[in-house]
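Here's a quick briefing to read alongside the model. Have the viewer open and follow along topic by topic.

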Amino acid sequence: MPYPPPPRSAYLHIPFCHRRCYYCDFAVVPLGDRVDAREGPGSRSIEDYLRLLHREIASAASGPPLSTVYIGGGTPSLLTADQIAELLAALRRQFGLQPGAEITLEMDPASFDQAQLVAVLAAGVNRISLGGQSFDDAVLIDLGRRHRRADLLEACRWMHAAHQDGDLQSWSLDLIQNLPGQTFEHWDDQLDQAIGSQAPHLSVYDLSVEPGTVFARRAERAELDLPEEDLAVRLMAHTSARLAAAGLSRYEISNHARPGHASRHNRVYWSGAGWWGFGMGATSAVRGERLARPRTREAYRRWLEAPPPLNAGSGMPLDELLLVGLRRREGVVLTGRDGQALEERWRPFLEQGLLQKCSGRWQLRDPEGMALSNRVLLEVVLWWESVQQSTSAAPPQTAAARESGPG
């Protein structure tokens, strides 16, 4: 197995939000709606965390210049432009930044104004991921979001103007579909407004009800009226068709972009390449080893006192490579004995029109396979479990032979 190359991408986690959305299970620190994140207690809390984040960046092993940086959260736009510039300067000192590096900042429409946008672009950010989620005020309230439709429309206008002026290389708008009570007509209206925003990139995520969230508790009480699978499939197929007609090509299950505007950073995750991860709750994949950081500030602080040593792994496990690879338009190539076994399990999906095989690559069909991707991906999980069970049950010498065979 070849030695995995050092990463050329970095993710920085900024956990602060005014409030936790009802569907969110990320590692976040709610500050409260009345707290000004740039003054008083909110500011001091952020400054304390940033000292920890700078410390972790400075302690990282050296590597080649970064080609992508993603500052996510949380609500990273609660930081000042100076704080963002300082984080980018820390990455530049530790690794360097390639000319033309893609530097993305997540922004919440309720957390910034046009002057703040101009300032963060001047600080070095050149791509914005705008967390809109919906253009419907009633839906935004039900999601626990702080912004309203008017805030989102105004933020979209600012993004479009900055992009037209050349100050912003690209920007993306996030939406959530298959929400409680959602109808086909309602979603079609959401797509109208999303296309009208002129965003060159749209990320459309299915609602996922995660344990421990407000939505999970609602679901337990049978208070979450989610769309049936047939409607969910129709919504996704309609999304793909409408956005394609508007010039936004689907290049991954949840992502659509105009030519030249696909997210370079996200493609790193889906390709199986490594990345640096910094901050509480962040996961890194350095030289084949996955490493998740603690999800609370105090645990993260203690973790920084004695972080685990960095060991060279063998790269992303085969099952994960397949799972992320199938999300991409390019699909995956199956080789060897394991590939043949998985091909047999996938054969029915060819007949059902969910999968296609083109030039040796297995791809989810758009929209049928993309909409029902979980059926196909589940077979990867079940197959991998059977492989692991057969490996652990094998005699020691057989297992050793398997480990030392062709990679």
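**A buried pair to start with**

Arg-145 is buried, and Asp-108 is buried as well. Their side chains meet in a salt bridge, at 2.8 Å from N to O. Arg-145 sits in the loop between helix 4 (137-143) and helix 5 (149-165), while Asp-108 sits in the loop between strand 5 (97-107) and helix 3 (114-122), so this pair ties together parts that are 37 residues apart in sequence. Keep in mind that this is a predicted model.

**The overall picture**

- The protein comes with 15 helices and 16 strands.
- Of its 407 residues, 49% are buried.
- Take the contacts between residues at least 6 apart in sequence: 70% of those join residues at least 24 apart.

**Salt bridges**

- How many salt bridges does a search of the whole structure find? It turns up 12.
- Arg-293 forms one with Glu-56, and the closest N and O atoms there are 2.5 Å apart.
- That pair links distant parts of the chain, 237 residues apart: Arg-293 is in the loop between strand 13 (289-292) and helix 10 (297-305), and Glu-56 is in helix 1.
- Buried or exposed, for Arg-293 and Glu-56? Both are buried.
- Arg-51 and Asp-48 make another salt bridge through their side chains, at 3.8 Å from N to O.
- Arg-51 counts as exposed because its relative accessible area is 54%, and the cut-off for exposed is over 50%.
- Asp-48 has a relative accessible area of 23%, so it is partly exposed.
- Asp-48 and Arg-51 also belong to a network of salt bridges that links them with Glu-298 and Arg-301.

**Helix 1 against helix 10**

- Two packed helices are described by the angle between their axes and the distance between the axes.
- For helix 1 and helix 10, the axes come within 11 Å and cross at roughly 30 degrees.
- Helix 1 and helix 10 are therefore roughly parallel to each other, since angles under 35 degrees count that way.
- Their crossing, helix 1 over helix 10, is left-handed.
- On the helix 1 side, the residues that meet helix 10 are Ser-45, Asp-48, Tyr-49, Leu-52, Leu-53, Arg-55 and Glu-56.
- On the helix 10 side, you'll find Arg-297, Tyr-300, Arg-301, Trp-303, Leu-304 and Glu-305.

**Helix 6 against helix 8**

- The axes of helix 6 (residues 184-196) and helix 8 (residues 229-245) come within 11 Å, with a crossing angle of roughly 25 degrees.
- That makes helix 6 and helix 8 roughly parallel to each other.
- What is the handedness of the crossing of helix 6 and helix 8? It is right-handed.
- Helix 6 brings Phe-184, Trp-187, Asp-188, Leu-191, Asp-192 and Ile-195 to the contact.
- Helix 8 meets them with Leu-231, Arg-234, Leu-235, His-238, Thr-239, Arg-242 and Leu-243.

- Three strands make an open sheet, in the order 14-16-15, with antiparallel pairing.
- Strand 14 (332-333) and strand 15 (355-358) stand at the edges with a single partner strand each, so one side of each has no neighbour in the sheet.
- Strand 15 pairs with strand 16 (residues 361-364) in the antiparallel sense, over four bridges.
- Within that region, Cys-358 has Arg-361 in strand 16 as its bridge partner.

**Two single residues**

- Ser-43 has its place in helix 1, and at 13% relative accessibility it counts as buried.
- Leaving out residues up to four places away in sequence, Ser-43 touches Asp-36, Ala-37 and Arg-38.
- Ala-150 is in helix 5, where it is exposed, with a relative accessible area of 55%.
- From C-alpha to C-alpha, Ala-150 and Asp-137 are 8.8 Å apart in space, and they are 13 residues apart in sequence.

Note on methods: Residues numbered from 1 in each chain as written. Predicted model: local features only at pLDDT ≥ 70, side-chain atom pairs only at ≥ 80, totals over all residues. Heavy atoms only, no water. Salt bridge = Lys/Arg side-chain N within 4 Å of Asp/Glu carboxyl O. Buried < 20%, exposed > 50% of the residue type's maximum accessible area, 1.4 Å probe, protein only. Helix = DSSP H or I, 4+ residues; strand = E, 2+ residues; numbered from the N terminus. Pairing = 2+ DSSP bridges. Axes fitted to C-alpha atoms, helices over the stretch in contact; angles between N-to-C directions. Parallel < 35°, antiparallel > 145°, perpendicular 65-115°, else oblique. Left-handed = near helix turned anticlockwise from the far one by under 90°. Contact = heavy atoms within 4.5 Å.
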